[in-house]
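Please open the model in your viewer and keep the selection tool at hand. We will take the tour one selection at a time.

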Amino acid sequence: MPAKTGQEYISRLKQASNNIYLHGERVSDVTEHPGLKNVVKSMARLYDLQHEKPEKMLYTSPTSGEKAGMTFMQPKTIDDLIARREAIQEWARTSGGMMGRSPDYLNAEVMAMGVNNKLFAEDDQMFADNAAKYYEYARENDISLTHTLIHPQVNRAKAQHEQKDANVALHLVEKKKDGIIVDGIRLLATQGGITDEILVFPSTVKKSGEHDDPYSVAFAIPNNTPGLKFLSRESFDYGKSEWDHPLSSKFEEGDAIVSFENVFVPWERVFVCGNSSICNRTFLETNAVVHMSHQVVAKNIVKTEFLLGTILSVMDSIGIDQFQHVKDKGTEVMLALETMKSHLFRAEHNAKPDASGTMTPDFEALNAARNWYPRIYPRMVEILRVLGASGMMGIPTEADFHHEDIGPILHRGLQGKNLEGYERVQLFRLAWDMTMSAFGSRQMHYEYYFFGDPVKMGMAYFDQYEKDEYKQYVYDFLKETKSTKPGALNV
Ligand SMILES: Cc1cc2nc3c(=O)[nH]c(=O)nc-3n(C[C@H](O)[C@H](O)[C@H](O)COP(=O)(O)OP(=O)(O)OC[C@H]3O[C@@H](n4cnc5c(N)ncnc54)[C@H](O)[C@@H]3O)c2cc1C
C-alpha cells in the first residue's frame, strides 16, 4: 500500500541516516536524538492516523489502484476538495495546528506542480514530465518532504550575482550529461532532516532578474544525497515532560540551514534549470500557491480554534469573562475564526476546474486569508498573553506539584475559579507554551513569515487587486452631484 505507517516513516529515517547537525554534532539517528525524537513520533502518529481512519485519510490511487494518502489527491470535484480539506484538518487537530509542516502542505505543492506542469516545458518537455513523474513517485511512496526557497541574508539590497561572494547562495555549477551540479546555501528548511526528501524551489514572493538565472533552479532530491547537510538550529524540545511543555515536547519541528556541497541532481529530478522567468512564475502558474493556501487556511482554522479554546478556558479559570474588555478581546478572536471559515467556504464553493481538470479553489478568498492571518496571529497571541497576566509566569513544574512539602501549597494557592491548582497550572502552561516559550515565540515568527515577507506580500496584493471598479463607482457617484463647474476652470 502506498500510504505508509508511522513505523515505516521511522524505519525509512533510520535507514536514510540523513546528514543533520544539531547542538554541535552530527546526529547519528534522528529518531532517537532527544531534540528530534518527539517530533518524529508526532509525525509517525500522522501516518498511523491514515490507517486508523482510512475512509477519511486515504483514497484510491489513479495509477496503482492502491490506497494513497488523501492529501496527495488531485481534486476533480468540489466534494474532492472538501474531502481533502477534511483530511488536512484531521491531521491539524492532532497538534492544535502547531505542526505547520505536516506532510499535507508540500503534498499539495507536489500535486499542483505535477498536474499543472506545462510551464516547466517552456525550456524542455523533460522538465514537465519530471514534475508529473515526481508527483506520482511521491504519492505512490508517501514521501515526506521539506523545502527550501530562500537565499541567505547576506545583502538584501543586492541581487545574488552582485553579492560580495556570489557563490554563497545555492547556484548551478555545471550541467552534465546525466544531471546538474549545484553548490551553496539555502534557507530555511523546517523539518529538514526528519523527512525523506527536499524540494528546492524559488521563493513565492521574491522575484529574480535574468542575471540571477544561475540561482534559479527547482529540483527534488533525497535528504541523504551526498554533499547535502542540514544545519539545524537549537532544539526547543528541552526534554521536559508533556505536562511541563505540552507543545514543545511534541511538536518542535526544527528549522535548518541547508548546505549543498557540489551536489549532483539527476536530470529526472530537475524541474527548472537556470531560468529566472520560469522560477518567478512557478507558484502562480502551476496553481501550487492556491492549493498550498487551501491547506494553510484549513490548518489555520484549527489553530485558531485551539487558541480560542485556550483563551476562553483561561478566562473561565480566573473568573475574568464578565469584564467588558475581556469579552471584547474574546470577540476579536471569535471574529477572526469566523472570518477564516468564511474565506474557506467561499474558496471551496466558488472553486472551478483549471486547464488540467483540477478543481481549484477561489484564490481571491484564499489570497485574502493568507495575507490577513500573519497580521492577526500576533494579535491573538497578545490577547492570550495579556489575559493570562501573572498566570503566564506563575507556572511551577510537574515536579514541584509532586514535592511533598510544596505540592499541597501550590495546589491550594494556585487554584482557580473552576479548577484545582494542578489543573489550572496545566492550562496556563499550555497558554505559555503557545505564546511565550521558545516554541511559542517561534510559532508567532513562523506565522508572520509563513508565505514570505508580509510587507512584500501586501505590496503584491495591492498591485494585483482589481481596483478600477471601486474608483469608477466613486467617480460615477461624484458625477451625479448637482453642481456647476465654474467656467474659468474649463481650460
Ligand atoms: C520559523 C520559520 C520557518 C521557516 N520555514 C521555512 C521553510 O520550511 N522553507 C523555506 O523555504 N523557508 C522557510 N522560512 C523562511 C521564510 O520563507 C522567510 O523568512 C520569509 O520568506 C522572509 O524572507 P527572509 O527571512 O529572507 O526575510 P528578508 O528578505 O531578509 O527580510 C528581512 C526584513 O527586511 C525587509 N526587507 C527585505 N528586503 C526588502 C525589500 N526589498 N524592500 C522592503 N523591505 C525589505 C523585510 O520586510 C523584513 O522585515 C521560515 C522562516 C521562519 C521564520
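Begin by selecting the ligand together with the 18 residues around it, among which Leu149, Thr190, Tyr446, Tyr449 and Gly452 come nearest; a residue is near a molecule if its C-beta atom, placed from the backbone, lies within 6 Å of it. This is a predicted model, in which local features need pLDDT of at least 70 and side-chain atom pairs count only at pLDDT 80 or more, while totals for chains, interfaces and linings use all residues. Residues are numbered from 1 along each chain as its sequence is written.

Next, colour strand E5 (145-148), strand E7 (179-190) and helix H14 (438-448), each of which supplies at least two residues of the shell around the ligand. Helices (H or I, at least four residues) and strands (E, at least two) are DSSP runs, numbered from the N terminus. E7 gives the most to this shell, with four residues. Colouring by domain then shows that the shell draws at least three residues from each of domain 1 (6-285) and domain 2 (288-468), whose bounds come from an automatic or database domain assignment.

Now move to helix H9 (residues 324-349), whose end C-alpha atoms are 37 Å apart, which agrees with the 38 Å that its 26 residues should span at 1.5 Å a residue, the expected span being 1.5 Å times one less than the number of residues. Within H9, select the buried residues, including Lys329, Val333, Met340 and Glu348; buried means that 20 or more other C-beta atoms, placed from the backbone, lie within 10 Å of the residue's own. The buried residues of H9 pack against helix H4 (78-93), helix H8 (288-317) and helix H10 (363-388), where contact means C-beta atoms, placed from the backbone, within 7 Å.

Methods: Buried ≥ 20, exposed ≤ 12 C-beta atoms within 10 Å, placed from the backbone. Contact = placed C-beta atoms within 7 Å.
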